[in-house]
Amino acid sequence: MSADVSNKITRNPRKSLWHSLFSTWDRTQITASFILVGLMAISPLFVDSPYFMGIIILAALYAFIGISWNIIAGFTGQLLIAHIIFLALGGYTTIVLLNTYRVSPWVGIFVGGLVAASAGIIIALITLRYGLKLDYFALFTIALLVALRTLFLKWEFVGGAVGMYLRLAKPSTAKMIFDSKPPYLYIVLALLTLGIVIQYLIYNSKMGKYFMAIREDEAAASALGVNTSRYKTLSVIIGATLAGIGGGFYVMYVTFIDPTGLFNLGVNVEIVMAGPIIGGLGSLSGPILGAFVNKPIAELIRGFLAEERSGITLIVYGLFLILSIMFMPRGLAGVFHSLYLKIKRPSKEEA
Amino acid sequence: MSPEIFYQTIVNGLFTGGIYALVSIGLTLIYGVLIIVNFAHGEFLMLGIYVAFWAYTIFELDPYLSIPLAVVLIGGLGALIQRGLIQRVLDAHPLNQIVLLVGVSTLLIGLVQFFFSAEPRSIHVPYETEVITLMGLRMSIPRLIAFFASMLISLSLYVFLRYTRTGKAIRAVSQSREAAKLMGINVNYIYMLTFGIGTAITAVGGALLAPNHRMIPTMGQAYSVIAFVVVVLGTMGNFVGAFLGGLIIGVVETFAGFFLGGDVKIIASMLIFILILLFRPSGLFGRKQT
């Protein structure tokens with residue numbers, strides 16, 4: 001039956017709404033992403049509990065951060081493991097600007113994005129020249145994370161080991177402090193929408209094609225005239241900026257930041273890596289799908305298991321990564337893609 | 001800095017560097033043969049020290065006597081992980097390999113935290129604070145033993161790789177998978193063996209630290225980072241480079257600790273890392289990368 005539908009569509013030159021939303025896998029992914037965003041946007045209508053609203057807000061934030069990592073690791077194939085560095089830098093910038101210099105977080109989180117981008121440029125200049133081994137980039141970011149943790153633990157200006165708390169203040173829109181959850185939800189959904197759009201534009205741009213050419217074969221891309229160092233750096237800058245902005249929002253939402261909590265490889269796995277890996281790295285919908293599996297599971301573990309014994313969270317996330325790579329290397333998006341192809345073209349599959 | 005302190009710092013640095021050398025040799029050996037960076041490497045050191053702790057609490061076994069246990073258990077675990085998991089991603093995109101190893105590392109930390117808790121643990125042996133003085137240099141007995149054991153193990157491994165049949169097979173695979181396969185070498189067996197050896201000697205490094213070192217489940221990460229710096233300094237895949245690199249980083253770090261304070265010494269390793277990446281990315285012993 002579905003075969004008939006698709007045949008009719010291809011014969012009909014006038015595009016229906018259905019067609020424009022689901023005609024290709026890429027469009028389907030974008031449509032699905034926006035359906036999820038829409039569902040979250042109306043969720044305050046039927047979710048009362050602040051606890052569940054909190055999960056939705058953090059899931060949306062994880063999706064946004066997942067997108068920022070997806071651009072670097074998924075599209076360009078660069079082994080930037082300790083991506084949480086950018087998140088932490090953005091978060092610290094925002095809170096220092098607010099607490100110490102009284103700069104509104106509406107400005108601060110974007111300054112945080114710029115600081116993260118500058119860090120991205122420095123890292124890229126050191127490690128992303130053409131011909132340097134791919135692994136060096138991963139090694140370097142992990143080493144940098146450990147070094148930054150040590151530095152921030154000692155750096156009293158940003159609170160040292162204690163970290164920094166948001167100064168308690170009356171709720172005020174100018175300071176991005178609210179006494180209920182929905183305003184946070186709409187801010188993070190605006191960010192997520194921005195992320196989805198940016199990711200889609202990159203995916204379809206010439207730059208995006210260069211990114212993917214570098215991922216598939218850097219030497220070949222270089223031979224065809226792609227300035228690979230430049231495009232690798234660009235992808236890191238874009239991803240770092242988005243992650244810095246996400247970090248700024250994160251610290252405004254959780255009202256607290258400290259070095260061991262964020263310059264932490266385990267937390268990096270939870271916030272940055274698990275979502276896109278489960279959802280499907282390199283796809284348009286992977287980071288979003290993954291975040292909606294990842295965050296609720298993280299909460300379940302926290303709520304029911306982690307009370308008993310520490311270490312369970314790490315065990316579950318370790319297994320997540322291992323099992324995803326072994327059995328589902330293209331993630332949930334890959335599974336849905338195969339389903340989509342089956343629904344769309346059963347006749348071709350038979351032939 | 002008086003000459004006495006200078007020499008004392010060098011000795012302390014070499015003692016620290018001995019363990020670094022051992023851990024880095026494991027990492028470089030695995031890289032040379034499997035062309036995969038073991039991002040879970042430090043975790044095997046952590047497992048080694050916890051094996052010593054476990055044997056000590058249950059059987060009151062002296063930490064040095066638990067070394068064979070660490071070799072068998074952790075080397076075996078490494079071989080299993082290679083055969084069951086890593087073997088299947090050897091031809092995958094490097095990102096998949098790294099994600100898998102980050103998963104392994106996270107899982108191992110989680111398991112140790114589950115069974116031993118995240119609380120710092122330590123072993124108390126009668127000789128833990130004993131010191132001998134030689135030519136005016138004070139040497140802690142456990143660290144002296146750890147240093148000489150590291151040297152001995154490194155040397156034996158070198159001899160093994162150089163002169164035995166299996167060692168030659170390992171080197172053959174690291175030179176060319178294809179040619180080795182054509183010569184009738186069971187390449188997959190060599191992969192498993194190499195990963196087992198690499199993780200086993202790293203676990204020995206952990207057990208050697210046990211008598212005077214506090215342990216926490218996340219302690220491996222710092223050693224991973226140091227081993228990364230060492231193998232990049234000493235050229236990835238180069239045995240002698242990792243050995244000398246380990247000693248160099250140990251000494252540099254100890255001097256940095258003397259001037260900057262113990263906690264910030266990692267900054268020195270980081271600076272070295274940046275300098276190598278900028279000016280000599282192929283390491284001290286490598287030819288220029290093309």
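**Exercise 1. Describe the fold of chain A: which share of its contacts with a separation of 6 or more joins residues 24 or more positions apart, and how does its radius of gyration stand against that of a compact globule?**

Solution. In this predicted model, 76% of the contacts in chain A with a separation of 6 or more are between residues 24 or more positions apart. Next, take the secondary structure, which in chain A amounts to 17 helices and two strands. The C-alpha atoms of the chain occupy, along the principal axes, a box of roughly 70 × 55 × 40 Å, and 50% of the 351 residues count as buried. Finally, compare the radius of gyration with the expectation: a compact globule of 351 residues would have a value near 20 Å, and the 21 Å of chain A agrees with this.

**Exercise 2. Determine how α13(A) and α15(A) pack against each other, and which residues make the contact.**

Solution. Start with the geometry: helix α13 (residues 265–279) and helix α15 (residues 312–327) of chain A pack at an angle of about 35°, and their axes are 10 Å apart. The crossing in which α13(A) passes α15(A) is left-handed. Sorted by class, the contact consists of nine nonpolar, two polar and one charged residues.

**Exercise 3. Work out which parts of chain B touch chain A, and follow Val229(B) into the nonpolar core.**

Solution. First, the contact between the chains takes 41 residues from chain B and 40 residues from chain A. On the side of chain B, the elements that give two or more residues are α4 (94–116), α9 (220–233) and α11 (265–279), with the largest share, 16 residues, coming from α4(B). The residues on this side divide into 29 nonpolar, ten polar and two charged. Now turn to the largest nonpolar core, which has 211 residues; those touching the most other members include Ala143(A), Leu321(A) and Val229(B). Helix α4 (residues 50–75) of chain A contributes the most to this core, with 16 residues. Leaving aside residues up to four places away in sequence, Val229(B) touches Ala143(A) as well as Ile249(B), Ser269(B), Ile272(B) and Phe273(B).

**Exercise 4. Locate Arg102(A) and Thr255(A), and decide for each whether it counts as exposed or partly exposed.**

Solution. Arg102(A), which has a positive phi near 55° although it is not a glycine, lies in the loop between α5 (84–101) and α6 (105–127) of chain A. Because Arg102(A) has 9 C-beta neighbours inside 10 Å, it counts as exposed. Thr255(A), also not a glycine, has a positive phi of about 60° and is found in the loop between α11 (228–254) and β2 (256–257) of chain A. With 13 C-beta neighbours inside 10 Å, Thr255(A) counts as partly exposed.

Key: Residues are numbered from 1 along each chain as its sequence is written. Chains are lettered from A and ligands numbered from 1 in the order in which they are written. This is a predicted model: local features need pLDDT of at least 70, side-chain atom pairs count only at pLDDT 80 or more; totals for chains, interfaces and linings use all residues. Axes are lines fitted to C-alpha atoms, for helices over the stretch in contact, and angles run from 0 to 180 degrees between N-to-C directions. Helices (H or I, at least four residues) and strands (E, at least two) are DSSP runs, numbered from the N terminus. A crossing is left-handed if the near helix is turned anticlockwise from the far one by less than a right angle, and right-handed if clockwise. Two residues are in contact if their C-beta atoms, placed from the backbone, lie within 7 Å. Ala, Val, Leu, Ile, Met, Phe, Trp, Tyr, Cys and Pro count as nonpolar, Asp, Glu, Lys and Arg as charged, and the others, Gly among them, as polar. A nonpolar core is a set of buried Ala, Val, Leu, Ile, Met, Phe, Trp, Tyr and Cys residues joined through C-beta atoms within 7 Å. A residue is buried if 20 or more other C-beta atoms lie within 10 Å of its own, exposed if 12 or fewer, and partly exposed in between; C-beta atoms are placed from the backbone. The radius of gyration is taken over C-alpha atoms; the globule rule is 2.2 Å times the number of residues to the power 0.38.
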